Amino acid sequence: MFNNNGTPFMSQNNSEYINLPIKWVVVEGQKQVASLNLIKGITVYGEKLIKYKGEEYRLWDPYRSKLSGALKKGLKTLPILNGMKVLYLGASTGTTVSHISDIVGMNGIVYAVEPAARVARELIQNVASKRKNVIPIIEDARKPHSYFSVFGNVDIIYCDVAQPDQTDIAIANCKVYLKPNGIILLIVKTRSIDVVTDPKQVISQESKKLKDNGFYIEQIINLEPFDKDHGLIYGIYRPTL
Ligand code: SAM
């Protein structure tokens, strides 16, 4: 749906996301998510910029970012809020990191862990050098004690490392950095764990692992059609202290 200037109308259905720097927009008949651009005029991965009420938003591509896919697939609440501290494991070139950076704003921080040197260089050039709330950490997430720039606990851990031990990596980081009642958003790439077992079974096996380690499971989302054989597990950390 477009107005006379060719810009998309903002959807009226933003009630769940009130006070959040994200909006639902309708572009070419499709409901899409967009985040308030922290760095006006600058795009990160060629995404479209949209003006609304004097503000600039970046369209958040569900085929490029699993968190956008999860929102489109019915994530009940986006637990990431302005001012929060987020530890992001598997930052890659920073596509999803950049949208989380928009959401937490300048009062928040995104610690972005990525060990692959070439990818991390792009993360620094395209994202961290322009967004002061993104702190790149060029380390292996299997060694959470090696992140010297993380101070104190974080509110959210987002893990998308596509490794066979992805859930163990997430849990190990939560034990070191996640505050009680903090949130884990774990992307499970089922084929990295087991290529033969039914993906649904792999996801339920990984969520059991989280439950056994003190997590309450709030929601599980199948990310198809945006990402085949991927799921998102949204858990709340309730360790016995
Ligand atoms: N989350 C990214 C996004 O939405 O833009 C995509 C992540 S990609 C699927 C997985 C990333 O995890 C790769 O960049 C890879 O280098 C990184 N990775 C793999 N093993 C890792 C580890 N042990 N610690 C941290 N990152 C790792």
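**Position of Ser 92**

Ser 92 sits in the loop that links strand S5 (85-89) to helix H2 (95-104); helices (H or I, at least four residues) and strands (E, at least two) are DSSP runs numbered from the N terminus. The model is predicted: local features need pLDDT of at least 70, side-chain atom pairs count only at pLDDT 80 or more, and totals for chains, interfaces and linings use all residues. Residue numbers start from 1 along each chain as its sequence is written.

Ser 92 is partly exposed because it has 18 C-beta neighbours inside 10 Å (buried means 20 or more other C-beta atoms within 10 Å, exposed 12 or fewer, partly exposed in between, with C-beta atoms placed from the backbone). Beyond its neighbours within four places in sequence, Ser 92 contacts Glu 114 and Val 119 (C-beta atoms, placed from the backbone, within 7 Å). Pro 115 is 23 residues from Ser 92 in sequence, and their C-alpha atoms are 8.7 Å apart.

**Ligand shell**

The ligand is surrounded by 19 residues, of which Gly 90, Ser 92, Thr 95, Thr 96 and Ala 141 are the closest (C-beta atom, placed from the backbone, within 6 Å).

**Overall fold**

The protein has six helices and eleven strands. Its radius of gyration, 17 Å, is close to the 18 Å from the globule rule for 241 residues, so the protein is as compact as a globular protein of that length (taken over C-alpha atoms; the rule is 2.2 Å times the number of residues to the power 0.38). Buried residues make up 43% of the 241. Of contacts between residues at least 6 apart in sequence, 60% join residues at least 24 apart.

Definitions and conventions. Two residues are in contact if their C-beta atoms, placed from the backbone, lie within 7 Å.
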